[in-house]
Amino acid sequence: MDSRYNPTEIEEKWQKTWNELGLDKISLDTNKPKYYALSMFPYPSGSLHMGHVRNYTITDVIARLKRMQGYRVLHPMGWDAFGLPAENAAIDRGVPPSNWTYQNIDQMRQQLQRLGLSIDWDCELATCSPDYYKWTQWIFLQFYQAGLAYQKEAAVNWDPIDQTVLANEQVDSEGRSWRSGAKVERKLLRQWFFKITDYAEELLNDLEKLPGWPERVKLMQANWIGKSTGAYLEFPIVGSSEKIGVYTTRPDTVYGVSYVVLAPEHPLTQLVTTPEQQAAVEAFVQEVTNQSELERTAEDKPKRGIPTGGKAINPFTGEEIPIWIADYVLYEYGTGAVMGVPAHDARDFKFAKEQNLPIKVVIVPEGGDASAPLESAYTEPGVLVNSSQFDRLNSTDAKKAIVEYAEQQGFGKERVQYRLRDWLISRQRYWGAPIPIIHCPNCGAVAVPDQDLPVKLPENVEFTGRGGSPLAKLESWVNVPCPNCGTPAKRETDTMDTFIDSSWYFLRFTDAKNEQQVFDSARVNDLMPVDQYVGGIEHAILHLLYSRFFTKVLRDRGLLNFDEPFQRLLTQGMVQGLTYFNPNKGGKDKWVPSHLVNPNDPRDPQTGEPLQRIYATMSKSKGNGVAPEDVINKYGVDTARMFILFKAPPEKDLEWDEADVEGQFRFLNRVWRLVTEFVNSHPSSVTHKGQMTKNEKDLRRAIHTAIKEVSEDVEDEYQFNTAISELMKLSNALTDASCKDSPVYAEGIQTLVVLLAPFAPHIADELWHLLGNSNSVHTQTWPKYDSAALVADEINLVIQIMGKTRGAIPVPAQADKAELEKYARESEIAKRYIEGKEIKKVIVVPGKLINFVIG
């Protein structure tokens, strides 16, 4: 038998065999419990990186393990395939987005298949395929029928040169278009929204139903939803019947309001502006309108504003206060207006100081002095002063009393508000799912009938990156009769945000080939929710929140019967590479690709200056990436998997180190030699002769300790690194064993191979086969440990004299304190150190040590 381990040969062979046997397909035996293991599906960029490999390896270990534990496992894969890069490729290279995308999918599928992942490829889906986006459009219409999809005007990033809408990521840090370099403007367009705010409370409360999620992810979602309880208050405008509505979480500060601020784009801005201020206000509004939301709200930017000349009345004091407009107030947030309380809000304090506005103290700390000059805003709760009948109340009581008073007087009420805003889903692009709406001059917005879905993307489209959406320019596609009345009408030319495609893909995987329905409800209710979801922390907010929202809406439409899509969530850490940079250079120029550097004397190849090194997340820009195929070609897939799993716990960042990869390759070679030497030197069946020897009992204890420890490490916390350490310990115990012709040794070899299977699936199946088994190791039942085997007959009792260890003796494990003392006193060690001396005290720690205190 060939004693050399040849990963390439073995891996190709077993991948072919598994495919032929259909081992990765979900079992139809519904008597088995289900388990749904899912990695976040990738964007088909064309090549896998190490982050992908880590994500999919983690999920694959879980899927393989669960199959061996008797579950019917769904472990699917698909492609999040709509989006901007394909459209950019079409503009830059003249390749249709679908060609570019499907080419990348083919390439990445081959790369994934080479990793030997136990994926059920029968469930594969691509979100850009009409048989998928037909159902994305159908779901849109479910939202529309439920009153959860609506249109309103909203600001977009507008490139005035290319005359096109830009995504946020297409605007650089200076507010310029990445393609034309033009200063980007904000422009109002009528766009589609989903009413996620209707579900804000449930999305927040149901986080408690997710004990299997990391606390920090739940906190990020809760903060994003941003529930607050406060007051809605109305400030009458002098000389008008209109009122300015504001929301505040600090109604206890209302007597300190010395001005109100409107968003420049607020409809009341024109009404309150006096003729003297009109020109200045219009110029300011024009300037601010062109700024992005990010620019306007940046913490480090000075807050800019101007007075409108208009006045409002503080309804609590009857005082007239000035109305300003400022860049930091956004019309889309809250009411689009804020009350200025400079003494008790840091931003207002800074703004009032810059603009010379009055600062009135209305809250002081317990025992504080209201007349003391303020160096900065006092933002903590305290005791009210200068607040009429509410003086001397503490903040908590005052909030309640002031809201009740406002309600009685008719100028305010308690309000629960959320930071969460409705989800803008319109995109003025081609490569996305078309919104299935037709705009009729008579009937308004009309849903495309179900039988006419999908609304397919036309293929005869020209991509220039200029002008409006490519779809809007295609008359033959846009102009259609109204489905209701037959009048000439126009299709909606916006496509959907790609987050919509990924908000329900996990549901489609359960019934991916169903042509009649979005999915069969009985099937989705059987296989959902996802038991283990694995992906990057960067999706902690939007993707997960939107997926939860979709699940709840589809539940309320009667399509499924569960509240949450993902039972457990694992956010894996980044893969970091050794990274070189020149500290004397700035920006992107400072990074030096590692292949250009001599690691023994790292210098900048251009300047000769010494370089510094750090571990940083692998990326093209830093030149610190390691191509998965290079590692696989050199060491094999199983070694790459073992390194990724062993180097760091799944949720921690992993530092790539070639020496550690080499270490795992050596370990697999040791296992290979152990098994092949056993096969070469032993008959196929070994019979047991009488009682087990001490060596056999010790080895059997090592075997069952490994089963226990590995099983515990791979449950719940997924400590794969310590599980692999246990495999190494078992391998060492087998190597050192002196009973290699014993059936216990044979049990150890078999157990090592079975325990190795989820981690290094190819070598495990080859070794299982060499051991004379005809079936796959992956069809074996995960072993259970024998608790009796874990009990030692003998233990080593440490003997101490005056607290200092002098040696150890073997004693029966079950011996009581008196027996342990007897064994110790009779030992050679005791005789040597104690003879002729008085023993004042004996301390016995059963199962561990005995300590003699002598005079």
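Setting aside neighbours within four places in sequence, Gln664 is in contact (heavy atoms within 4.5 Å) with Thr639, Met642, Phe643, Phe646, Ile724 and Met728. This is a predicted model, in which local features need pLDDT of at least 70, side-chain atom pairs count only at pLDDT 80 or more, and totals for chains, interfaces and linings use all residues. Residues are numbered from 1 along each chain as its sequence is written, and side-chain values use heavy atoms, with hydrogens and water left out.

- Gln664 has its place in helix α20; helices here are DSSP runs of H or I with at least four residues, strands are runs of E with at least two, and both are numbered from the N terminus.
- With a relative accessible area of 3%, Gln664 is buried. Buried means under 20% relative accessible area, exposed means over 50%, and partly exposed is in between, using a 1.4 Å probe and protein chains only.
- Which residues of helix α18 (residues 628-635) are buried? They are Pro628, Val631, Ile632 and Tyr635.
- These residues sit on the same side of α18, because they cover an arc of only 95° around the axis. That arc is taken from the directions from the helix axis to the C-beta atoms.
- The buried residues of α18 pack against α1 (7-21), α2 (50-68), α4 (97-114), α19 (637-647) and α20 (658-681).
- Just after α18 comes Gly636, with a positive phi of about 95°.

**A three-stranded sheet**

- Three strands make an open sheet in the order β9-β8-β16, and the pairing is antiparallel. Two strands count as paired if DSSP finds at least two bridges between them.
- The edges are β9 (243-248) and β16 (412-418), each pairing on one side only.
- From one strand to the next, the twist averages 35°.
- As background, strands of a sheet pair through backbone hydrogen bonds, either parallel or antiparallel.
- How many bridges join β8 (residues 227-236) to β16? There are seven, and the two strands run antiparallel.
- Ser228 has Gln417 in β16 as its bridge partner.
- Helix α12 (residues 395-409) lies across β8 and β16 and runs at about 120° to β16. For such angles, axes are lines fitted to C-alpha atoms (for helices, over the stretch in contact), and values run from 0 to 180 degrees between N-to-C directions.

**Cysteines**

- Don't look for disulfides here: the structure holds zero. The cut-off is a pair of cysteine sulfur atoms within 2.5 Å.
- Cys440 is in no disulfide either, and the nearest cysteine sulfur, that of Cys482, is 3.7 Å away.
- Cys440 counts as buried too, at 6% relative accessibility.

**Salt bridges**

- The count comes to 38 salt bridges, where the rule asks for a side-chain nitrogen of Lys or Arg within 4 Å of a carboxyl oxygen of Asp or Glu.
- In general, side chains of opposite charge can pair when their charged atoms come close.
- Lys350 forms a salt bridge with Glu354, and their closest N and O atoms are 3.6 Å apart. The two are four residues apart in helix α11 (residues 346-355), so about one helical turn separates them.
- Both partners are partly exposed: Lys350 has a relative accessible area of 44%, and Glu354 has 42%.
- Glu658 and Lys634 meet through their side chains in a salt bridge (3.2 Å, N to O). This pair links distant parts of the chain, with Glu658 in helix α20 and Lys634 in helix α18, 24 residues apart.
- Are these two exposed or partly exposed? Glu658 is partly exposed, at 35%, whereas Lys634 counts as exposed, at 55%.
- Glu826 and Lys822 also meet in a salt bridge (3.5 Å, N to O). They are four residues apart in helix α26 (residues 817-826), so the separation is about one helical turn.
- Glu826 is partly exposed at 46%, and Lys822 counts as partly exposed at 48%.
- A network of salt bridges links Glu202, Asp206, Lys209, Arg548, Lys552, Arg555, Asp556, Asp563 and Glu564.
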